[in-house]
Amino acid sequence: MFIIKCPYCGERDHSEFSYGGEAHLIRPKQPTELSDDQWAEYLFMRKNIKGLQYERWNHSHGCRRWFNAARDTSNDKIHSVYKIGEKSSK
Amino acid sequence: MTNEYRLSSGGQINRSESISFKFNGKTLYGYKGDTLASALLANGIHLVGRSFKYHRPRGILTSGVEEPNALVQIIKDKGKTDPNLRATQIEIYEGLNTTSQNSWPSVNFDLGSINNLFSPIIPAGFYYKTFMWPANLWENVYEYFIRKAAGLGKSPTKKDPDIYDHCYYHCEVLIVGAGPAGLVAAKTAINSGKKVLLVDERPNFGGNLNFSNKDYNKINQLAPLEWIKKTCLELQKNKNIKILSRTSVAAYHNYNYLIMIQNLTDHLPDKDKKEKIRQRLWKVRAKKVILATGSIERPMIFDCNDRPGIMLSSAVRKYANTYSVKCGNNISIFTNNDDAYETAITLHNKGVKVKSIIDIREKSDGTLPKKCNELGIKIHWKSAVIYTEGYKKINKIHVMRLSKDNTNVVGNKLKIDCDLLCVSGGYTPAVHLFTQSGGKLDYNEKKHYFFPKKNTLSQISVGSCNGTFGLKNIILEAQEKTREFLDIKETEQFNVLESEGGVFENIWLIPSSKISGKTKSFVDYQNDSTANDIKLALREGFKSIEHVKRYTTTGMATDQGKISNMHALGIISEITNTKLGELGTTTFRPPYSPITFGALVGRNVGQFFDITRKTPMHDWQEKNNAKFEDVGQWKRAWYYPSGNENMYDAVQRESKAARTKAGILDASTLGKIDIQGSDASEFLNRVYTNAWSKLAIGKCRYGLMLNEDGMVYDDGVTTRLSENHYIMTTTTGGAATVMGKLEDFLQTEWPELKVYLTSVTDHFATVSVCGPHSKKILEKVTQNIDYSDSNFPHMSFKNGLVDKIKCRVMRISFTGELSYEINVQANYGQSVWEKCMAAGKEYGITPYGTEAMHLLRAEKGFIIVGQETDGTVTPVDLQMDWIVSKKKYDFIGKRSLYRSDTMREDRKQYVGLLTNDPKEILEEGAQIVAEVKNKPPMDMIGHVTSSYYSPNLNKSIALAVVKNGKKLKGKKLYVPMPNKTIEVIVSDTIFLDKEGKRLNA
């Protein structure tokens, strides 16, 4: 039911977007040098925050671009949206 | 017509338009403007239904959406019917045909009412406690009878013939409810120049003001009805506002997104319904929302408070004023507030006898009680109705004085004859939409109701839904809050006349002279939950209101507790000695009132239910008797039966022809992704398990794609068209998700790569021709291609022409036969297909479908992603180690292949299975065991993934995944089936042509 402001297209209905899970997970540059535990940490472990959460969204039925959003999971308010590689303002 | 209970004048009905309708087979009459409830009451009918559990006779309680009792079924044509509709909301029309529900053989004589006698042994949780064991009786006995006994209306058996519609709407201000608060808010809002939408679920606006007594309520010197009419006219003239009646907000979601349902033709006679949209679902985005949803009157909870002829006081007033119907001739009123006195005065002025008013309060200084005193109506102060008599209709009430602290009744029992008891327990703000939108409530300890406290949306509540009562307060608040909310300067002055009210007092559960276990004080009328059920639940240890609700089913009926919730909470709070504010409420969930499936579905029915994708050759396949299977949204030719052939025979014939003569397959549905850019090779290196840098231009290579967890995700052949240009194929079902995944990695993980992806699945048609004669056919169909093995070997590609049309031909094979795929621009697909058919005629070319394709690839042991794999299978499990590059530093999923779990020896591994009896075909999905026991459980070590009878090998073959399968080759295993156990030998996965000679045949 959200209205999401795609950084490329502007405000659009939530039905145009798909959710992509936690943001700012960096794929290890040298995975072979990681222990099983370290790799599992990257591969499986995700935060589940009540409050401001940084997450990935894809404007899948629009420009198809990925971007990040800072959403308060307690009331679903989106406080900022920003392009991949940029930093959140909040 | 005999509307015995119709008053001689007044009301908002059209007396010149008489309407006939049917109720339980009997033809009755009403007037245009009547609801089914008002028309039945005009005919003296109170008994309309039976309760859910005890089948007690039930009558009309209310006059609106909150009605728990008067649920009826509308009968249309045979098999077409609408169940569970509230008689209080159905507007009658010529030809309306309705029946009671939940009674058999009839509402007057209901066999199920025997449950009422057994009610002492059917307490809360009866079903949970009784039908626990033996477990196997559930399926055959208990469930059958419980389902038969439960349920209210009957669902239709035929397809819904009506048309439904969806509509999106954007506005700056949405006002929900057009009672006095909503109308004042609208009147104020239109001055802002903003785009306003005003909706109300009823056909007429004005809310409860519509039937208020004109002697005691005036706005700007106008009587209620006159003011409403004038205001509505003013609004209608304004261009900024859109007004929808018969439109109910079903859901209020976050970001001010609201779902509304509008009834367009339900109130019209059948002839006017034809070809018209029945209901419209509105999806509204509002910048600001003003809730003016009003309040709902509460009943009183006392012994036998559920008899027909016991009605809410405001409802009785509405029936008298709006529909000109007196609900009884000899009336008593039971109240805890002054509002019920307005009903008494209204009825008295209309010449209806009001015999007595029973008031739990010591006294009231309000205007209305004083007036009643003057009129000579007997008022029993500090008293309560403790019991009622009358089976199908109330005929007597028992009245006793309340003790000082209201916990007991004292003195003599007074019995009063009556044929109608009006009850009024005060008003509950309708906060449903407010809480749905995420709002938090607060509790008013003095006035005993929950009211809106906090919300993060751009939204306000005004009027009685905000806990503001009294006409003057409501109007002033609606105006002031709207002004502030919308930043409006100029305003109108309102001059409101209202009666002065006395204090309100509350008793959640009226005490009784009986011991408490012997009373039947109904809290939830529809679900037959009594105060005793709630007490029992608490005794049995249920504490949370959510648990008590589910155990007793209080508030879980179709009215969703609109009538019952507050009393249930009140009783729990009293018994547990918890403050109501701390107890909280149960969750109000959408929809506010029941809505039809038709409206939810809208136009997405039949062929519009889902997208159907058809290949360019679809018409040809249809003409040639193809049977189709759904693969994702695609319709794929499954097999082509010839004459009387069944599927098995057709597939055997097609499979044989593909290996002995020539076969032709439509492969257009495979996903195709065009990959271009200077880093395209590097990109493929990272997404596939094998190496791509050294693939020569003009060559094809099979690739396996993993998820980051190391499990097989997709596969397909990718062709290098030029230095920086590849075309990748994916599985039919995986096309969109693979494209999405690749885009994800490109945009977020590897933005440094210069690669562009374009989905071209729909742009190309693919005709695949295989078999020993395929080369000769291709030579006839295409030009400018030298098909010699030296020039055009297996796993390579050539550009060519089909007449003047450019084509790409790939020599790749999924069947193990010599095989070519012609790719042309999609709209030439059918023509190229037909050319191949014509050219192949002399060689016996045979079209084959997906089933034969599956069989042919199984003979070769080629996997199908999603059939041999299920998201838990690695390439090593598939014995495809050869495709996993050891040299590449990284690719998606590589690290996971070295996790301790993925390297386990005893993982399920890909094997072939051969049955002892070559005629025996295993069932796909069948479980495999190493050791057969007399009965389950047995250790299941794997399952059959593919199984066919091979016409080319003349024996059955199967593929499977089996624990430690690599080491079991030649071993005997078992497949237990319901009637036998099949012995199998583990074999290699390639059953035919291990050396791959046929590729060059």
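Biologist: Is Phe597(B) buried or exposed?

Modeller: In this predicted model, Phe597(B) is found in helix H17 of chain B, residues 597-601. Exposed requires a relative accessible area over 50%. The value for Phe597(B) is 70%, so the residue is exposed.

Biologist: Which residues make the nonpolar surface patch of about 390 Å²?

Modeller: Residues of such a patch need over 30% relative accessible area, and Phe597(B) has 70%. The patch of about 390 Å² is made by Phe597(B), Leu600(B), Val601(B) and Val605(B).

Biologist: How much area do chain A and chain B bury between them?

Modeller: The size of an interface is often given as the accessible area lost when the parts come together. Here 28 residues of chain A are in contact with 27 residues of chain B. Carbon and sulfur atoms carry 47% of the buried area, and the total is about 2,400 Å².

Biologist: Which residue of chain A forms a salt bridge with Arg285(B)?

Modeller: Five salt bridges are counted between chain A and chain B. A salt bridge needs the nitrogen and the carboxyl oxygen within 4 Å. For Arg285(B) the closest N and O atoms are 2.8 Å apart, and the partner is Asp13(A).

Biologist: Which element gives the largest share of the side of chain A that touches chain B?

Modeller: Across this interface, 18 residue pairs are in polar contact, both residues being at pLDDT 80 or more. On the side of chain A, the elements giving two or more residues are helix H1 (36-44) and strand S6 (77-83). The largest share is five residues, and it comes from H1(A).

Conventions:
Residues are numbered from 1 along each chain as its sequence is written. Chains are lettered from A and ligands numbered from 1 in the order in which they are written. This is a predicted model: local features need pLDDT of at least 70, side-chain atom pairs count only at pLDDT 80 or more; totals for chains, interfaces and linings use all residues. Side-chain values use heavy atoms; hydrogens and water are left out. Patches are made of residues with over 30% relative accessible area and no salt bridge: like charges are joined within 9 Å, nonpolar side chains (Val, Leu, Ile, Met, Phe, Trp, Tyr) within 5 Å. Accessible areas come from the Shrake-Rupley method with a 1.4 Å probe; for residues, only the protein chains shown count as cover. A salt bridge is a side-chain nitrogen of Lys or Arg within 4 Å of a carboxyl oxygen of Asp or Glu. Helices (H or I, at least four residues) and strands (E, at least two) are DSSP runs, numbered from the N terminus. Buried means under 20% relative accessible area, exposed over 50%, partly exposed in between (1.4 Å probe, protein chains only). Contact means heavy atoms within 4.5 Å. Buried area is the accessible area (1.4 Å probe) that two parts lose on being put together, summed over both. A polar contact is a pair of N or O atoms within 3.5 Å; within protein, one must be able to donate a hydrogen and the other to accept it, and residues adjacent in sequence count only if both atoms are side-chain atoms.
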